[in-house]
Structures are given as C-alpha cells and as structure tokens.
Amino acid sequence: LLSPDGTLAATIFAEITAAAVRHDAINLGQGFPDEDGPAEVLAAAVDAIRSGVNQYPPGRGMPVLREAVADHQHRFYGIDLDPERQILITAGATEALTATLLALLDGPDDEVVVFEPYYDSYAAAIALAGARLVPVPLRWPDLEPDLADLRAAVGERTRIILVNDPHNPTGTVFSAEVRAEIVRLAAHHDALIVTDEVYEHLVIDGTHTPIATLPGAAERTLTISSGGKTFRTTGWKVGWVSGPADLVDAVLAVKQYLTYVNGAPFQPAIAVGLGLPDAYFDDLAATQRERRDLLGEGLIAAGFDVSTPAGSYFTVANVGPLLDAGEDAAGFCRTLPERVGVAAIPLTAFVSEDHRADYAGLVRFAACKRTDVIAEAARRLAASA
Ligand code: PMP
Ligand code: GLN
C-alpha cells in the first residue's frame with residue numbers, strides 16, 4: 001500500500017482532485033456530485049442532530065435504517081430480509097467491502113475473482129486480508145467480461161467472486177448471461193459472491209438486477225450498497241451489507257473493531273431517502289442519462305473514441321490516438337488539469353501493475369456534474385483538440 005520508496009501513496013482520487021483544485025479545473029475525475037441531495041433527506045439529518053441523535057448508535061445500525069434497507073430491497077427487487085439479523089449498517093460501502101473481505105478471507109490460499117479494471121479499494125482490502133486477487137479483464141471497446149475468461153479465473157481456491165454492477169470505472173452493466181454464470185460458478189466451486197451495487201439507481205439503460213435475486217444466489221451472496229450516490233451525499237458515508245445472517249455476523253465481528261459504529265444522525269436521514277417515491281429514483285436515472293449523453297457527445301466532438309456506459313457516473317474514452325509518442329493516458333491525465341482545465345482519471349489506476357499496458361490509452365470521465373459544467377468541460381476539451 002506504500003510507494004516503492006516507502007512513503008504513503010495518495011489514492012488516485014486524492015491526487016487528481018488536488019491537481020484539479022490547484023489549476024481551477026473542472027473535476028471530472030473523482031466521482032462526486034456538485035449538487036446537494038433531496039431537501040427531505042438533508043432536513044432529516046439536521047432534525048436528527050437538533051433532536052439529540054448524536055451518540056453511538058447500535059452496533060448493527062439504527063433500526064429505522066435497517067428497516068428502510070429491508071423495505072427498499074423488497075420494494076425494488078422483491079428480496080426479503082430480516083432487519084434484525086440480515087442487515088448491517090457500515091461507514092459507507094468502503095467499510096462494508098473491507099470488513100467483508102477481512103471477515104471472509106483466510107490468507108494466501110484464498111483467491112478473490114475481481115473484474116478488472118476495479119475500484120481501487122478492492123485490491124487494497126484483498127491485500128490487507130493477505131489473499132490473492134485473480135482478475136477477469138473487461139477489454140476495450142465493449143468492456144464486457146468474456147465468459148471463457150470468467151470460467152478460467154474461478155477454481156478450487158476461489159473464496160469470493162467480487163462483482164461491481166453497475167461497474168466503476170467502465171459503466172458496464174453486466175448481462176443476464178454473465179450474472180447467471182457467476183452464480184453457477186460460485187455454486188459449483190462453493191464460493192461466496194460479494195456484490196457492490198452503489199450505482200444501483202444509476203442504471204441508465206435497462207433496470208438493475210441484484211445477483212442475490214437469481215435462483216440459488218441468496219444463500220451465498222452478500223449485497224453491498226450505500227447512500228452516497230443515490231442521495232448525492234458522498235461525504236456522509238452511510239452504507240450497508242445484507243445477506244445470510246451468519247455471514248452478516250462475521251462482517252459485524254470485523255466492523256465492530258474498525259469503526260465500531262458510524263454516522264448516527266445520517267442514518268435516519270438515509271432512511272428517509274430510501275423511502276422516497278419512485279419518481280425520485282426515476283428522475284435520478286433520467287438525469288444521469290442526459291449527463292452521460294452530453295458528456296459522450298462532447299468527448300466525441302473533442303476527437304475521442306468513447307464507450308456508451310449503461311450505468312454509473314462514468315464514461316471511458318480512448319485517447320490513445322491523440323497521445324504524443326511515448327505518452328500514456330496517465331501522463332495525459334497528469335497534465336490535463338493545467339493544459340485544458342479539466343480533470344479525469346487514467347484507467348491504469350484501476351488495474352494491476354502487470355496489466356497497465358492493456359489500458360494505457362484509456363481515461364475515465366465522471367458525468368455527475370450539472371449540465372452547464374459538463375458542457376463547459378466539453379468546450380474546453382474541444383478547444384484543445
Ligand atoms: N464502490 C464503488 C464501485 C464506488 O465507486 C465507490 C465510490 N464512491 C464506493 C464503493 C465507495 O462508496 P462509499 O462512499 O459509500 O464508501
Ligand atoms: N467512488 C468515487 C470514484 O470512483 C470516489 C472515491 C474516492 O474518492 N475514494 O470516483
């Protein structure tokens with residue numbers, strides 16, 4: 001987790017955001033919204049603070065939020081969960097992921113199958129657990145996993161198949177065929193499935209299907225999500241993990257020594273959010289569609305070849321043809337804030353060292369900003385083309 005010289009390596013998000021601030025660039029790097037979430041949700045947090053919800057909540061999370069998560073899973077997906085035993089509230093999806101991996105992995109003989117490129121904390125948490133990451137590539141330009149690659153990656157030593165759907169950084173929404181194969185392979189090798197669904201309400205084309213709804217999946221799947229993306233409150237860090245009671249207990253055993261508990265006044269506020277009417281969730285996806293399309297058109301106008309993501313905040317562009325000899329997308333992104341006034345993240349930040357060359361021309365742009373901001377970023381990119 002340290003740089004080769006032994007110093008602390010900042011995450012790519014911290015590094016690129018710092019460069020964006022330094023050069024007053026539009027930050028399409030780190031994925032956070034530039035607008036607040038729904039007024040009811042914000043007001044509920046303020047009310048909670050004013051009414052004294054400021055001490056340690058219960059270890060599993062406040063009952064009102066666990067019930068709201070259970071209601072949400074039933075309402076959107078038909079999943080039935082016991083809020084007493086099958087749901088744990090965590091400090092964002094990040095803690096849910098880390099606590100889950102630390103709880104379920106048992107050293108160097110355990111393998112975790114991960115779709116690459118992957119969210120940066122996955123590799124760090126697998127390393128903390130002392131286990132081995134086995135990647136399944138999502139290749140440009142379709143950025144979909146290949147079933148043969150998936151089958152080759154899962155085997156005797158696979159303890160967990162870790163799925164992020166919709167996927168960061170590619171925006172891929174997994175196909176029904178891939179989802180079914182994940183469940184089949186996990187059952188065949190008696191592996192667990194851990195799903196990161198933080199972009200569940202940002203499926204732009206189609207609808208979200210949690211893997212836990214597939215036949216035979218629920219008993220071996222832990223489902224993780226959080227309120228940051230869904231309610232534009234990324235700084236609140238309220239997440240949750242749900243699934244079989246014995247697995248949730250194992251995660252709680254770790255979580256209690258990581259943070260113990262978290263976010264008391266934000267928990268009832270996220271519960272209010274989870275109960276908002278369908279129109280809120282529909283509008284969130286429709287807004288993201290408009291932003292994705294605007295960003296995609298802008299990137300094409302600037303001369304980039306782009307993916308069309310079906311979900312998440314992100315669009316991947318192939319900047320390879322525009323690079324100078326010897327330059328890669330990481331170098332391109334490092335100078336982009338100063339040269340163009342826009343920040344973005346190279347996909348090499350989301351892959352293992354050995355596979356960087358396969359992603360050397362690809363850049364992730366985040367479309368979670370207001371349309372006027374995305375339009376201005378597109379104008380700057382086109383002007384520099
Ligand atoms: N997983 C993915 C795929 C993400 O993009 C993020 C980042 N926002 C997280 C997990 C972390 O979520 P949280 O902020 O709730 O910890
Ligand atoms: N999830 C966000 C992203 O991928 C930010 C995460 C972070 O800053 N750690 O951009």
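1. H4 passes H5 in a right-handed crossing, meaning that the near helix is turned clockwise from the far one by less than a right angle. Helices here are DSSP runs (H or I, at least four residues; strands are E, at least two), numbered from the N terminus. Please keep in mind that this is a predicted model, where local features need pLDDT of at least 70, side-chain atom pairs count only at pLDDT 80 or more, and totals for chains, interfaces and linings use all residues. Residues are numbered from 1 along each chain as its sequence is written, while chains are lettered from A and ligands numbered from 1 in the order in which they are written.

2. The axes of H4 (residues 92–104) and H5 (residues 120–128) come within 9 Å and cross at roughly 30 degrees; axes are lines fitted to C-alpha atoms over the stretch in contact, with angles from 0 to 180 degrees between N-to-C directions. The two helices are therefore roughly parallel (angles under 35 degrees).

3. On the H4 side, the contact (C-beta atoms, placed from the backbone, within 7 Å) includes Leu 97 and Leu 101, and on the H5 side Ala 125 and Ile 126.

4. Ligand 1 has 14 residues around it, the closest being Gly 92, Ala 93, Thr 94, Asn 168 and Ser 226; a residue counts if its C-beta atom, placed from the backbone, lies within 6 Å. H4 gives the largest share of this shell, three residues.

5. Around ligand 2 you will find Thr 11, Phe 13, Gln 30, Gly 31 and Asn 168.

Technical notes:
Parallel < 35°, antiparallel > 145°, perpendicular 65-115°, else oblique. Contact = placed C-beta atoms within 7 Å.
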